[in-house]
Amino acid sequence: MITTGWSRVKHIPPELLLKLAIVAAVVLLSAFFGRRVSTNQLLVLTGAAGVLLLLRQPQLGLVALLVSALSVPFAIGTGTQTTLHAAILLIPVLLVVWIVDMVRRRAVRLVPSPVNAPLLAFALSATISFLAGNLPWNYFAGQASLQAQTGGWMIFVLSAAVFLLVGN
């Protein structure tokens, strides 16, 4: 009977399989994107890789938030006279990763703190104000656009959410 080198291999470690899968994925993606790539496709691919990294190491999200706030010159126009910076766009991603991580660990809770109740009341107050902001309270005054009101509401709610994220 003739034996080959493969017949002696009993078990392939999962780490080796993961490394081989990563190499194969990089080769296939480079073959696909090598001929026809756009900036949007690269941004989506980089964002997906970043989310996968954040799911494995959620604490890196806060570091990425600081780095993006200080050094990433990327902004998206909103149609008003303001833009959304990369740090503002990263905050909802970090919140979703935090919630997914809590659900995965089966520990959906906030760390007990005396600031939790006032902070949640602040966010609730901002939400009620946002909902009541479209009512015509004064017929002689002009109303702000819905985009501007949504932006103001998001500043309050995202600030409270980031405070809870850092504390937890």
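How much space lies in the largest pocket? In this predicted model, the largest pocket holds about 520 Å³ of space. Its lining is made up of 14 residues, and those closest to the centre of the pocket are Leu43, Thr46, Gly47, Ala86 and Leu90. Two or more lining residues are given by each of helix 2 (39-56), helix 3 (60-71) and helix 4 (86-105), and the largest share, six residues, comes from helix 2. When the lining of the largest pocket is sorted by class, 10 residues are nonpolar and four are polar, while no charged residues occur there.

The second largest pocket contains about 370 Å³ of space. It is lined by 16 residues, and Thr78, Thr82, Leu84, Gln147 and Gly151 are the ones that lie nearest its centre. Strand 2 (83-85), helix 4 and helix 6 (146-167) each contribute at least two residues to this lining, with helix 6 providing the largest share, eight residues. The lining of the second largest pocket is divided into eight nonpolar and eight polar residues, and no charged residues are found in it.

The packing of the helices is considered next. Two packed helices are described by the angle between their axes and the distance between the axes. For helix 3 and helix 4, the axes come within 8 Å and cross at roughly 165°; because angles over 145 degrees count as roughly antiparallel, the two helices are roughly antiparallel to each other. The crossing in which helix 3 passes helix 4 is left-handed. On the side of helix 3, the contact is made by Gly61, Leu62, Ala64, Leu65, Ser68 and Ala69, and on the side of helix 4 by Ala86, Ala87, Leu90, Ile91 and Leu94. The residues of this contact comprise nine nonpolar and two polar ones, with no charged residue. Ala86 and Leu90, which belong to this contact, are also listed among the residues closest to the centre of the largest pocket.

Helix 4 also packs against helix 2, at an angle of about 40° and with the axes 10 Å apart, and helix 2 and helix 4 are therefore oblique to each other. Here the crossing of helix 2 past helix 4 is right-handed. Val51, Leu54 and Leu55 of helix 2 meet Val93, Leu94, Val97, Val100 and Arg104 of helix 4. By class, the residues of this contact consist of seven nonpolar and one charged, and none is polar. Leu94 of helix 4 takes part in the contact with helix 2 as well as in the contact with helix 3.

A further pair is formed by helix 5 (residues 116-132) and helix 6, which pack at an angle of about 170° with their axes 10 Å apart, an arrangement that makes helix 5 roughly antiparallel to helix 6. From helix 5, the residues Asn116, Leu119, Leu120, Phe122, Ala123, Ala126, Thr127 and Phe130 take part, and they meet Leu146, Gln149, Thr150, Trp153, Phe156, Val157, Ala160, Phe163 and Leu164 of helix 6.

Definitions and conventions: Residues numbered from 1 in each chain as written. Predicted model: local features only at pLDDT ≥ 70, side-chain atom pairs only at ≥ 80, totals over all residues. Heavy atoms only, no water. 1 Å grid on protein atoms, 1.4 Å probe; cavity = no way out; pocket = protein on both sides within 12 Å on 5 of 7 lines; lining within 4 Å. Points joined across faces, edges and corners; volume = space filled by probe spheres on them. Helix = DSSP H or I, 4+ residues; strand = E, 2+ residues; numbered from the N terminus. Nonpolar A, V, L, I, M, F, W, Y, C, P; charged D, E, K, R; others polar. Axes fitted to C-alpha atoms, helices over the stretch in contact; angles between N-to-C directions. Parallel < 35°, antiparallel > 145°, perpendicular 65-115°, else oblique. Left-handed = near helix turned anticlockwise from the far one by under 90°. Contact = heavy atoms within 4.5 Å.
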